[in-house]
Amino acid sequence: MARRILTALVGAAVMGIGAHAASAATLDDVKAKGFVQCGVNTGLAGFAAPDASGNWSGFDVDYCKAIAAAIFADGTKVKYTPTSAKERFPALQSGEVDVLARNTTWTINRDTALGFNFRPVNYYDGQGFMVRKGLNVKSALELSGAAVCVQTGTTTELNLADYFKSNNLQYNPVVFEKLEEVNAAYDAGRCDVYTTDQSGLYSLRLTLSKPDDHMILPEIISKEPLGPAVRQGDDQWYDIVTWVHYSLIQAEEFGVTQANVEEMKKSTNPDVQRFLGVEADSKIGTDLGLTNEWAVNVIKAVGNYGEVFDRNIGAGSPLKIERGLNALWNKGGIQYAPPVR
Amino acid sequence: MNTHQATFVRASMIEASPAPIQTGGLAYWLRKNLFATPKDTALTIISLLVLAWLVPPAIQWLFIDAAWTGGGRGVCATVAQGGSQPDGWSGACWAFVNAKFDQFLFGRYPIEERWRPALIGILFILFLTPMLIPKVPYKNINAILLLVVLPILSLILLPGGWFGLPFVETPLWGGLMVTLVLSFVGIAVSLPLGILLALGRKSTMPVIKMLCTFFIEVVRGIPLITVLFMASVMLPLFLPQGVTFDKFLRALIGVSFFASAYMAEVVRGGLQAIGKGQYEGADSLGLSYWQKMNLIVLPQALKLVIPGIVNTFIGLFKDTSLVSIIGMFDLLGIVRLNFSDSNWASAVTPISGLIFAGFIFWLFCFGMSRYSGFMERVLDTSHK
């Protein structure tokens, strides 16, 4: 009985999604209510976590602030909705949040069947393995028969199964519900191998009793492009979220930082002038539904992409994640912004 | 002639012999309780060995080796982990609890407005304490203060938004404050509602009886986690866009209904334990239904089920931590959330935080339990 009621409710809910997706002009709604409602993680080191005074901070949180700054010239006009892995999609579908910046992997299913739009990838992640050096393992292909610690209910668990199956390797999964349980089990030696997204391996390293006894294997077994997601059917809003990311990348490429942005407005470089909206007869922002100063406001609020990265997850943070794939395209990475023209 | 001269009769009083050495003192207590038989002696020695094995390392870890103060993960991490403690060090990270203590109490409630929940907390203690001590007079005024004035004040002060107080929306609430508000409302609603439901279920009026039974069975039949999840995830999909129900309110209603259904069954157990003679006696005195229940049946029934009622309260208090699955941060939720602060990431941070949260939960539950034991003794009229 309960199951039948549930089925009916889910059915009704799915039909409800269709109705909501048709309602347009998120930008107008956001301007009317005066803040951006941003869906974030319920706690992930470096991406969305409380700071000393309890305010949200992190890589994803800075994207929320950047979007707010682009619209209101004020990075504080954000309200955060912490969402669990299960809650995040219904929260975006129902319109409870305007944008989901919650380390969400862009997949075809989420892009199409679930009715979302992804475009910029703000963090290229991938699943990796960490092992004890004592095992003398140099590659994941030597891990046959290993006990692998993994968090249950994640794509990580599925990728792991796929990888070992396709390579004809045996393994014993040791699964846990909570991340800290997995960490504790690996540290206590209950399994030989720990697998999760690389960004997670870095935060794990902070909590191991002897970090030097562990090494990360070279294999990356999945592509995890993380980025902000919005509802389908509102191209203007989609453009804004997309170009906020590109403006951060572009700023890093031009060397525009939080500190020097006002000075850079006086730059003689026409590209920079155009980007910062100081060119005569500029329509750089008004075409987006924003002001021409939008990129300046974004950079004033959070800095450029490199600054956001360093502060939250890179060299300036305890996590110390390498830029890797997330370096600019002209510095060996694949972060690339289309021309601002 | 003195008839008392018989040789078998004592002429003088016998000397008082010393008291048996073993009716008092520490030695007697030890012998009686710990070393009475060889089996007792063996068990005592084994227990002492286990304690000696467990307690000193626990004290060492919890207090002596613990990091009490500091501003970041460095004080709770070893040199190899990038901190300042010597390698091989392990101890509780109370510095983490210390630094995050305000958050554990109030969540993300704005710092300059935290006097509001603090004031409510102080008033709560001021109103509750005399209520709990049977000898203190003016129970009626006290009950009004606690159950009417305090909720109204909380409704004004906690969210704010009037009388010039800035509005603090419920997603910013968190920590012990959320745990206490949820459990207090749950307890205050569930007891009267549970009694009404139990009476309804025992009623002879078919519609009332059916409705109450239906409510109890449906609510008891669904896991709380499902109710909360449906309320937070599915409900917004049915409502037109822009219409939102406060998440906290949804959780509050869910938790209260839930506890009421359980409470109803506990109270019904008490009602069934009251002999038929009590009902008939009340009827023969010509009392109305409500007089009968208020004066004769319920006082006896509720007294019988105090352990069950308190059991439900304690269960409710701990169930409130389920709200963390709908993105609200109760005490446990906010402690766990702070594990993700990379400035405090260390091997001992999570366990220290969980020990702290566990201790606070235990403190409240143990308090409720002791108080219920006390009430049982006070209300005991020795029919047993």
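**Entry 1: strand 5 of chain A**

I looked up strand 5 (residues 99-105) of chain A first: 6 of its 7 residues are buried, so this strand is largely enclosed by the rest of the structure. I noted what buried means: 20 or more other C-beta atoms lie within 10 Å of the residue's own, while 12 or fewer make it exposed and anything in between partly exposed, with C-beta atoms placed from the backbone. Strands here are DSSP runs of E with at least two residues, helices are runs of H or I with at least four, and both are numbered from the N terminus.

I reminded myself that this is a predicted model, in which local features need pLDDT of at least 70, side-chain atom pairs count only at pLDDT 80 or more, and totals for chains, interfaces and linings use all residues. Residues are numbered from 1 along each chain as its sequence is written, and chains are lettered from A and ligands numbered from 1 in the order in which they are written.

**Entry 2: partners of strand 5**

Which strands pair with strand 5 of chain A? Two strands pair if DSSP finds at least two bridges between them. I found strand 1 (residues 36-41) of chain A, which is parallel to strand 5 with 2 bridges. Gly39(A) sits opposite Leu100(A) of strand 5. I also found strand 13 (residues 224-231) of chain A, antiparallel to strand 5 and joined to it by 3 bridges. There, Thr105(A) has Leu226(A) as its bridge partner.

I followed strand 1 of chain A onward. It runs parallel to strand 4 of chain A, with 6 bridges between them. Val36(A) has Val78(A) of strand 4 as its bridge partner. Is strand 4 of chain A mostly covered or mostly open? It is mostly covered, with 5 of its 6 residues buried.

**Entry 3: chain A as a whole**

I counted 13 helices and 13 strands in chain A. The radius of gyration of chain A is 22 Å, close to the 20 Å that the globule rule gives for 341 residues, so chain A is as compact as a globular protein of that length. The radius is taken over C-alpha atoms, and the rule is 2.2 Å times the number of residues to the power 0.38. Along the principal axes, the C-alpha atoms of chain A fill a box of roughly 65 × 55 × 40 Å. I saw that 46% of its 341 residues count as buried.

I then checked the domains of chain A. The bounds come from an automatic or database domain assignment. It gives domain 1 (22-124 + 225-331) and domain 2 (127-222). Their centres, taken over C-alpha atoms, are 31 Å apart. How many residues of each are in contact? I read 8 from domain 1 of chain A and 5 from domain 2 of chain A. Contact means that the C-beta atoms, placed from the backbone, lie within 7 Å.

**Entry 4: Leu217(A)**

I picked out Leu217(A), in the loop between strand 12 (214-216) and strand 13 of chain A. Leu217(A) is buried, with 20 other C-beta atoms within 10 Å. Beyond its neighbours within four places in sequence, Leu217(A) is in contact with Gly128(A), Phe129(A), Val131(A), Ser139(A) and Ala140(A). Ser139(A) is 78 residues from Leu217(A) in sequence, yet 5.9 Å away in space, C-alpha to C-alpha.

**Entry 5: chain B**

I turned to chain B and found 15 helices and 1 strand. Its radius of gyration is 29 Å, well over the 21 Å that the globule rule gives for 384 residues, so chain B is more spread out than a compact globule. The C-alpha atoms of chain B fill a box of roughly 120 × 80 × 40 Å along the principal axes. Of its 384 residues, 31% count as buried.

I looked up the UniProt record. Its unreviewed entry lists "transmembrane region" for several spans of chain B, including 211-239 and 295-316. Such annotations may be inferred rather than shown by experiment; positions follow the numbering used here, and feature names are shortened. Residues 211-239 of chain B are 90% helix and 0% strand, with end C-alpha atoms 27 Å apart. Residues 295-316 of chain B are 95% helix and 0% strand, with ends 29 Å apart by C-alpha atoms.

Notes:
Contact = placed C-beta atoms within 7 Å.
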